[in-house]
Amino acid sequence: MDIINHTDHVEIKVQLDLYSITVLHKCFYWYGANFSVDIETESDKVGRVRLFPKTEIPVAEYPNLLSKIRNDLIDFKTRDIVSKETQNVRDLLIAKAFSHSDELDDSPPGDISDPVGFDPTAK
Amino acid sequence: MAPLASRKFKPLEFYSSPSIAYYLLPFRFHRLNDSREILVNEVGDYIVAPIDTARRIAAHDISPSESIYADLVANFFISEKPIPDLIDILATRYRTKKSFLDDFTSLHIFVITLRCDHTCHYCQVSRQSEDKHQYDMSRTDIDGFIDLMFKSPSRDVTVEFQGGEPLLVFDNIVYAVKRIEELNRADKRRVRFVVCTNLSNINLDILTFLKEHGILISTSYDGPEFIHNSNRTFSRGNSHATVLEKIGLCREILGNDMVSALMTASSLTLNYPVEIVDDYVAQGLPSIFLRQINPYGFAKKNRMKNAYTAEQFLEFYKTALQHIINLNLRGLFFLEEFATIILSKILTPFPIGFTDLQSPNGMINGAIVYNYDGFVYASDESRMLAEERDFTFQLGHVKSDSYQKIFYGAKAQHIAKYWANESLAGCSECGFQSYCGADPVRHYATQGDLAGYRPTSSFCITNMEIIRFLIELLTENRSIERVFRSWVNKTPL
């Protein structure tokens with residue numbers, strides 16, 4: 001990742017196989033209050049984000065801004081990983097939660113038994 | 001000569017697989033401060049951990065030998081199988097969190113008149129003067145709304161009379177209460193009545209009726225006299241003196257737990273967080289709801305008195321909350337209602353019934369508004385937009401539209417696309433999603449868009465920071481944790 005300070009904007013270049021366009025949009029969505037955000041693909045492999053501040057940023061604040069950008073990109077990448085890996089189990093969870101019958105319920109593992117011979121499955 | 005190989009023993013982790021075989025379960029996270037972050041699972045359980053923990057979990061870098069590993073498994077953040085054995089338990093808990101949807105509309109608000117004898121500069125209803133009877137709900141419409149109400153599947157119903165000042169049409173309240181009770185003899189629902197009133201017209205006859213029918217009172221009290229009277233002008237006297245006298249009378253006749261008071265923060269209010277809390281305590285009130293202004297009606301017009309930023313409100317809120325916490329630590333049981341609502345969402349598995357902090361938002365599926373003119377609105381705030389000739393959230397009319405059209409029609413379906421924070425940009429991956437809600441009406445009113453734009457949303461800025469602040473206090477100080485739990489349990493320390 002390269003972060004370049006221009007006179008009127010901050011430019012961030014990332015490898016798209018590391019931070020996808022989706023991750024870039026979700027991350028820099030939150031910068032819209034204080035920046036005009038421009039996101040584009042420079043090539044198949046490189047994405048570019050330009051942040052144009054709406055009000056002037058003091059020079060002393062730039063290290064904090066750059067640190068925040070790095071942290072936010074890592075955070076949104078993490079969220080993307082979790083979202084993709086848990087998509088199926090989340091859909092299953094919600095389907096089970098709102099199912100009106102027990103057709104989606106799984107039987108507990110193991111065999112049913114009772115020391116006094118009670119059989120809960122008996123009709 | 002080749003260097004000697006190190007003969008030191010390697011740590012256990014050296015021999016571990018770099019990628020641990022556990023499976024991720026759905027969770028979200030948020031940085032609380034520079035050193036800690038909160039992880040929140042799909043049912044709102046949380047773990048506070050050092051920064052970078054979420055990344056390590058997602059990278060499958062948490063080792064079973066770490067103490068957090070067991071917590072992550074036990075609390076459904078990770079699983080040792082692709083589908084955890086207890087997924088049905090998790091599903092039941094998820095359903096419990098959303099169980100407020102089971103009964104559909106339970107709060108039915110009757111705006112029985114728009115007339116009022118107060119002039120409050122933050123009034124969001126754009127009330128009318130006392131003599132304008134064309135702003136009273138007709139008995140025909142009262143009957144029609146009661147019939148609509150009884151079509152709701154909810155077995156627990158709250159009927160809330162609002163205005164204007166509803167006691168200016170007390171006869172109509174008597175009529176409505178008696179009709180509802182008569183119809184309910186066959187239906188046998190649990191019905192609760194509330195009157196939202198400034199109390200200026202209350203007398204013994206009214207109180208006798210309220211007591212006979214178990215009707216609760218909700219009133220407005222903005223704190224010390226100079227603040228209350230600045231915010232709320234009473235046409236026939238001193239609003240502050242009147243409301244205090246009448247609160248005392250109501251508590252004497254109805255009981256302390258049948259009377260509640262709410263404050264609304266004007267620009268003046270923001271300068272006196274401690275004084276307002278102390279005044280509430282001095283008046284014997286058991287709690288305070290630190291509520292910011294809603295941007296509707298007169299409130300929007302009086303910008304000098306009512307316009308402030310989310311950051312200004314947050315400064316007021318945090319100062320007042322810290323003061324309330326200190327009072328509790330010194331032995332007084334006094335709670336802040338908004339914090340209690342959020343803490344209940346964090347610390348209990350149950351929904352809390354506060355429409356603005358629900359997902360889906362409680363409009364239509366939790367609460368509905370029957371206006372004095374016969375029209376039906378999705379929420380209290382949306383009928384205030386109608387006073388400004390914006391009918392975006394007007395669902396129908398009691399005389400001409402069926403229950404199906406009002407509650408399930410095209411407008412309701414359109415609003416439904418924007419009322420769940422699970423599907424909104426910015427909210428869908430927010431670490432505080434389980435503790436927050438969605439507010440399409442507020443976003444439409446303030447940003448021109450039902451979905452809203454989170455980076456500049458006062459709803460988002462305020463809620464996120466209050467939730468973050470509460471979690472920080474809850475998890476960093478055991479004494480404050482005990483105070484917060486006492487609020488949630490409604491039991492003094």
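Read along its sequence, chain A of this predicted model follows the pattern β-β-α-β-β-α, with two helices and four strands in total, where helices (H or I, at least four residues) and strands (E, at least two) are DSSP runs numbered from the N terminus. Residues are numbered from 1 along each chain as its sequence is written, and chains are lettered from A, and ligands numbered from 1, in the order in which they are written. Because the model is predicted, local features need pLDDT of at least 70 and side-chain atom pairs count only at pLDDT 80 or more, whereas totals for chains, interfaces and linings use all residues.

Buried residues make up 20% of the 123 residues in chain A; a residue is counted as buried if 20 or more other C-beta atoms, placed from the backbone, lie within 10 Å of its own, as exposed if 12 or fewer do, and as partly exposed in between. Of the contacts in chain A between residues at least 6 apart in sequence, 50% join residues at least 24 apart, two residues being in contact if their C-beta atoms, placed from the backbone, lie within 7 Å.

Between the two chains, 23 residues of chain A are in contact with 22 residues of chain B. On the side of chain A that touches chain B, helix 1 (21-29) and helix 2 (62-98) of chain A each supply at least two residues, and the largest share, 15 residues, comes from helix 2 of chain A. By class, this side of chain A has twelve nonpolar, four polar and seven charged residues, with Ala, Val, Leu, Ile, Met, Phe, Trp, Tyr, Cys and Pro counted as nonpolar, Asp, Glu, Lys and Arg as charged, and the others, Gly among them, as polar.

Chain B contains 19 helices and 18 strands. The radius of gyration of chain B, 26 Å, is close to the 23 Å that the globule rule gives for 493 residues, so chain B is as compact as a globular protein of that length; the radius is taken over C-alpha atoms, and the rule is 2.2 Å times the number of residues to the power 0.38. Buried residues account for 44% of the 493 residues in chain B, and 68% of its contacts between residues at least 6 apart in sequence join residues at least 24 apart.

Nine strands of chain B form an open sheet with mixed pairing, in the order 14-12-10-9-8-6-16-17-18, two strands being paired if DSSP finds at least two bridges between them. Strand 14 (290-292) and strand 18 (394-397) of chain B stand at the edges with a single partner strand each, so one side of each is left without a neighbour in the sheet. Strand 6 (residues 107-111) and strand 8 (residues 156-162) of chain B run parallel and are joined by five bridges; I109(B) has E160(B), in strand 8 of chain B, as its bridge partner.

An automatic or database domain assignment divides chain B into domain 1 (22-96), domain 2 (104-308 + 363-408) and domain 3 (325-351 + 422-493). The C-alpha centres of domain 1 and domain 3 of chain B lie 21 Å apart, and the contact takes twelve residues from domain 1 and 15 residues from domain 3 of chain B. Strand 2 (27-31), strand 3 (36-41), strand 4 (46-50) and helix 3 (87-97) of chain B each supply at least two residues of the side of domain 1 that touches domain 3, with strand 2 of chain B giving the most, three residues.
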